[in-house]
Amino acid sequence: MRNTIATRLLSDLSTPGRRGASYPASDVPVEPLASLIPSAFLADAAPQLPELCEPEIVRHYVNLSTLNMSVDTHFYPLGSCTMKYNPKRHERLSRLPGIVDVHPYQADGSNQGMLELLYEMQQMLGEIAGLPAVSLQPAAGAHGELTALFVAAAYFRDKGEQRTKVVFPASAHGTNPASAAIAGFDCVELAPAGNGLVDLESLKRAVDQQTAVFMVTNPNTLGLFERQIDEIARVLHDAGGLVYIDGANMNAIMGITRPGDFGGDMMHYNVHKTFTGPHGAGGPGSGPIAVRDFLGPYLPGPIVTQSTASDGTTTYAQTTPAKSIGRVRAHFGNIGILVRGYCYLRTLGAAGVRAAAEDAILNANYLKALLADVLPAPHGPHCLHEFVASASGALKDRGISAMDIAKRLLDYGFHAPTVYFPLVVPEALMMEPTETESKETLDAFAETIAKILTEDPAELKLAPQTLPVSRPNDVQAARNPILKWTPCVKD
Amino acid sequence: MPYLYNTAEQRTAMLDRIGVDSVATLLEQIPQALQLHRPLDLPAPLTEIALEQRLRQLADRSTGAADRVCFLGGGAYEHFIPSVIDELTGRGEFYTAYTPYQAEASQGTLQAFFEFQSLICELTEMDVSNASVYDGASAIAEAVLMSMRVTGRKSRVVFAGAVHPESISTVRTYVQHLGCEVVCTPLSAGVIDRDQLSAALTDQTACVIVQSPNFLGGIEDVTAISELAHKAGALCVQSFNPISLGLLKRPGACGVDIAVAEGQSLGIPLQFGGPYLGLFTCRSEHVRKLPGRLIGETVDRQGKRCFVLNLQAREQHIRRDKATSNICTNQGLMALRATIYLATLGPQGIREVAELCCQKAHYAAKQLAQVAGLPLMSTAPFFQEFAVRCTDPAAVITKAQQAGFDVGPLLSRFAPISGLSVEDQAQGLLVAVTECRSRDEIDRLVEVLA
C-alpha cells in the first residue's frame with residue numbers, strides 16, 4: 001500500500017482560495033476596525049497560514065498517524081515509560097459535559113461534581129503513596145519533581161536551615177538533576193555500586209547537614225527495589241534531610257508497598273504512565289505530588305478541601321495551604337488526564353491495582369527469563385516491572401549494538417525498548433512490557449531478538465529497512481537546524 | 001480486571017519458565033517489613049456501566065459552558081472547536097504513542113510537531129517555536145529563566161503593567177531562591193505607564209514581561225515597550241493571545257525577543273484549566289538557549305526528507321543538571337490540536353474569528369455601559385475582553401448566574417494588580433466575548449444586569 005501523501009507538509013499542500021472553516025457574518029452592528037483599535041496596533045494582513053479544505057486535512061493527518069507506532073497498534077516496551085493500554089472508556093467519559101466544558105473561573109458552587117472528583121483523586125493518591133497531603137497541580141512528572149523541591153526549599157527556609165545540596169544515584173532520570181538545578185540546589189551524584197543499588201557507604205559520605213533532599217527512584221531504573229531504602233531514609237532523616245521518591249516506576253509497587261511506608265517524605269506520580277493517561281505522543285502528562293503532613297502547608301494552591309455542614313451536606317472548595325510556595329502554573333491542574341486516572345482507579349479498585357502491578361512484574365520477569373541466554377541483564381536474579389539487558393556481549397562478539405537491535409525490532413513490528421539508559425549499564429536496552437501484554441507477544445518478541453542476534457551485522461546497520469525512513473541524520477539536523485517550513489524555490 | 005491478558009494456566013507456565021513458584025517469590029526483594037499487608041483503602045471497583053453512572057452523577061453536579069452562556073475570560077475562553085480536531089486527535093496512533101525517541105517509528109508525530117512549529121512561527125512572525133511547554137504561565141517562567149541565560153543577569157525581572165496574576169505567582173515560585181527581585185510596574189489608564197517602566201529598568205534587568213492584550217483586556221504598545229527593554233539591555237518577553245493575532249500586529253513585528261502564550265484558544269476545551277498548551281517562540285540567535293523539545297528536518301540514510309528530535313544537547317536526558325530546562329513531557333496532543341485548528345481556519349478563518357470576537361466584545365461593552373450602567377474601567381483599546389466597574393460585583397455575578405450566564409472572573413479573587421487602586425480591584429469584573437456568543441445572548445445578559 002503506497003502512501004506518499006503524508007510525507008508532504010501542510011504548507012506544501014496549501015492552495016490559495018481553499019478553506020476548512022467558515023464563520024457566520026457578524027450579528028452585531030459592525031464598526032470600522034480602525035475606530036475600535038488604533039491602526040498602529042493592527043497587522044497589515046492575516047497570518048500566512050496554509051490554505052486547506054477539510055477533507056485534505058483529514059486525509060493528511062489520518063495518513064500521518066499511520067506512520068507512528070503506538071500502544072494501540074504495536075508492542076511498545078519503552079522502559080521507564082509504562083506504555084500500557086489506554087482504556088477507551090476514559091476517552092468518552094472525560095469528554096462529558098460538566099467535565100470538558102467547565103471554565104477554570106466558574107464559581108465553586110456550580111462545580112461541585114468536578115471538585116468532588118478531584119478531592120477523591122487526592123484521597124486515592126494519598127492512600128497509594130502512604131503520604132497524605134496531595135497537590136494535583138503539576139503538569140508532568142518533571143514538573144512534580146521541581147514542585148516538590150520548591151516545597152522542600154520552603155520547608156527548610158521556614159526552619160531557618162541553609163541546605164544547598166540534592167543527592168541522587170547515577171542511575172537517576174535526567175529530570176532529577178535538571179529539576180534540582182532549576183530549584184537552586186547543587187547536585188551531588190553517587191557513584192554506581194556493583195549490584196545496581198544505592199551504595200549505603202557512599203551515601204553516608206555524601207549526606208551531611210547541607211543535604212536537603214535525596215532523590216531516588218524506587219524501584220530504580222534497573223527495575224530493582226532498593227531493599228535498604230529504610231536504612232537510606234534513616235541516613236537522610238538523621239542528617240535532617242528529606243527523601244524524595246521519583247514515582248516513575250509506581251506501576252511495579254502500587255498496592256504492594258508504599259513510599260510513605262518505606263521512608264519517603266515526598267513523591268510524584270506520572271498519571272500518564274501508571275494510571276494510563278494516555279501518553280499523547282509526548283504529553284500532556286500530569287504529575288501530582290504527595291507529601292507527609294508536615295510538608296502539606298507548603299504545597300502549591302489551590303487544593304480541594306471538603307466540609308460537612310451540621311445538616312450533613314458535604315461541600316467542596318478550592319483552598320490554598322497556609323504557607324504555600326505559590327503556583328507552578330495557572331489554574332488547577334491537567335484535569336483531562338486526572339479524570340482518566342480517576343476512571344482507571346475506580347475501575348480497578350484495591351485488588352485490581354495490586355493485580356496490575358503483579359502482572360507487570362510477572363511479565364517483566366518472564367521476558368527477562370526468555371532473554372537470559374541471548375541478551376542477559378547484568379542485574380538480578382529477579383526484577384520488578386522492568387529490567388535492563390545489555391548488548392555488550394553481542395557488540396563484542398558480533399559487532400551488534402543496542403541501537404542495531406532497537407532499529408531492527410522496528411522492521412519486525414515491535415517498538416524498541418529504551419536504549420542507552422540508564423547510563424550505568426553499557427549498551428543498555430531497558431524493557432518494560434507492562435501488564436497489558438500477552439504471553440504470546442512476549443514469546444514472539446523474545447524469539448525475534450534471538451533471531452536478530454544471528455543476522456548479518458552489516459545488514460543490521462541498515463535497519464530498519466521496511467519503514468518509511470531509516471536512520472535519520474541527527475548530526476546534520478543539529479549542525480544546520482531547520483526548525484520550520486520554508487517555501488522551496490522552484491526553477 | 002478487563003485489561004489483563006494472562007490466564008491462570010499462562011501464569012503458571014510463566015512462573016515455571018522464570019523458575020519460581022509464585023509472584024510472592026518475585027516480591028521477596030521487597031523486605032517483608034516494608035510490604036503492605038492489607039488491601040489499599042480505595043473505593044470498590046466499578047464495571048464500565050457503573051463507572052459511567054458515577055461519572056455522569058459527578059458531571060451533572062458541574063455545569064459548564066455547554067449548559068450555560070459563558071462570558072468568562074481571564075486567559076481561558078470558550079471558542080468554537082471544529083469537529084475534525086476531536087476526530088483526528090482521537091486516533092490511537094497519535095494519542096497512545098509517546099515521545100518520538102525512535103524517529104523511524106514516529107514520523108507521524110514528528111512531522112505533525114514540525115508543522116506545529118511552522119504554523120506557530122507564521123502566526124507570531126517569530127523565527128523559532130519549540131514543540132510546546134506546559135501552559136501559558138509556566139511558559140512565562142521558562143522565558144524568564146531563558147532571559148537570565150541570554151543576558152547573564154539574574155537579579156531583576158520586570159513585569160510591565162497588568163500581566164495575569166497567576167503568571168506572576170508562577171514566576172515568583174520559579175525564581176524565589178535566586179535572590180531575584182520581581183518588580184511589577186503600574187498601569188495608567190488601563191495600560192503600561194511607560195515612565196514608571198523606564199524608571200524600573202536597571203542594568204541588571206534580565207527581561208521586561210508584557211502581556212498584550214493585558215489581563216484587563218487593554219492592548220499595549222508592544223513596539224514601544226520592547227524598545228524600552230532593549231535600551232536597558234534587557235530582553236522583551238511578550239505574552240500574547242493567539243486568536244488576537246488574526247488582527248493585531250504580531251510579536252515578531254514588534255521587536256519582541258521571546259513570545260509566549262496560553263494556547264488554549266486554539267481548539268482546546270476548557271476542562272477546568274488543563275491540559276492547556278504553552279506556546280514558546282524566540283529569535284533564531286537564542287535557539288540554543290531555548291527550553292523544551294524541538295523538531296528538526298533532516299534526511300535519512302537514503303537522502304529522504306524526514307524529521308527528528310533536534311538540538312537535544314540542551315535537554316535534561318543528555319545534559320542533566322546543565323540542561324536549559326527540566327522539562328521532559330511536553331503537551332504533545334494539545335500541540336496537535338492547535339496545529340489542526342490553525343490548518344482548518346487558515347488565514348481567512350483566523351481573521352474572521354478575531355474580527356467576530358472584537359466586534360461582539362465592543363458591542364457588549366457598549367450595551368453594558370449604556371443600558372446596564374456598567375462602565376468600562378478604562379479607555380484603553382481592547383480586543384475580546386474588558387473590565388467593567390460595578391459597585392457590587394458579587395451581586396452582578398450572582399444575578400447573571402441565576403439567569404444562566406457566567407461572567408468574570410472578579411478582579412478581587414487575584415493578588416493586587418500594580419497601579420490599580422484597592423477600590424478599582426474590588427469593583428472590577430472581567431467580561432470576555434468570543435465568536436460563540438450571539439447578539440441575542442449579549443442582549444439578554446445586558447437585560448438581566450440592567
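Reader: How many bridges join β11(A) to strand β12 of chain A, and do they run parallel or antiparallel?

Author: In this predicted model, β11(A) is joined by 2 bridges to strand β12 (residues 428-431) of chain A, and the two run antiparallel. Within that pairing, Val419(A) has Leu429(A) in β12(A) as its bridge partner.

Reader: And what is the order of the strands in that sheet?

Author: The sheet is open and is formed by 3 strands of chain A in the order β10-β12-β11, with antiparallel pairing. Its edge strands, each of which pairs on one side only, are β10 (387-390) and β11 (418-419) of chain A.

Reader: Where does Pro422(A) lie, and is Pro422(A) buried or exposed?

Author: Pro422(A) belongs to the loop between β11 and β12 of chain A. There are 23 other C-beta atoms within 10 Å of Pro422(A), so this proline is buried, given that 20 or more is the cut-off for a buried residue.

Reader: Which residues is Pro422(A) in contact with, leaving aside neighbours within four places in sequence?

Author: With those neighbours left aside, Pro422(A) is in contact with Ser171(A), Thr221(A), Leu222(A), Val388(A) and Ala428(A). As for Thr221(A), the C-alpha to C-alpha separation from Pro422(A) is 6.6 Å in space, although the two are 201 residues apart in sequence.

Reader: Staying in chain A, what about β2(A): which strand do bridges join it to?

Author: Strand β2(A) is joined by 5 bridges to strand β3 (residues 186-190) of chain A, and these two run parallel. One of the pairs is Lys165(A) with its bridge partner Asp186(A) in β3(A). Strand β2 (residues 165-169) of chain A is also mostly covered, with 4 of its 5 residues buried.

Reader: What is the domain assignment of chain A?

Author: The assignment for chain A gives domain 1 (5-65), domain 2 (92-347) and domain 3 (351-476), and the C-alpha centres of domain 1 and domain 3 of that chain are 45 Å apart.

Reader: Then over to chain B, please: how is chain B divided into domains?

Author: Chain B is divided into domain 1 (8-54), domain 2, which is made up of 69-81 + 346-449, and domain 3 (83-339). The C-alpha centres of domain 1 and domain 3 of chain B lie 44 Å apart.

Reader: How many helices and strands are there in chain B?

Author: Chain B has 15 helices and 15 strands, and its C-alpha trace spans about 80 × 50 × 50 Å along the principal axes. Of its 450 residues, 63% count as buried.

Reader: Why is α12(B) described as largely enclosed by the rest of the structure?

Author: It is described that way because 34 of the 39 residues of α12(B) are buried.

Reader: And the interface: how many residues of chain B are in contact with chain A?

Author: There are 164 residues of chain B in contact with 170 residues of chain A. On the side of chain B that touches chain A, α12(B) provides the largest share, 23 residues. That side divides into 79 nonpolar, 53 polar and 32 charged residues.

Technical notes
Residues are numbered from 1 along each chain as its sequence is written. Chains are lettered from A and ligands numbered from 1 in the order in which they are written. This is a predicted model: local features need pLDDT of at least 70, side-chain atom pairs count only at pLDDT 80 or more; totals for chains, interfaces and linings use all residues. A residue is buried if 20 or more other C-beta atoms lie within 10 Å of its own, exposed if 12 or fewer, and partly exposed in between; C-beta atoms are placed from the backbone. Two residues are in contact if their C-beta atoms, placed from the backbone, lie within 7 Å. Ala, Val, Leu, Ile, Met, Phe, Trp, Tyr, Cys and Pro count as nonpolar, Asp, Glu, Lys and Arg as charged, and the others, Gly among them, as polar. Domain bounds come from an automatic or database domain assignment. Two strands pair if DSSP finds at least two bridges between them.
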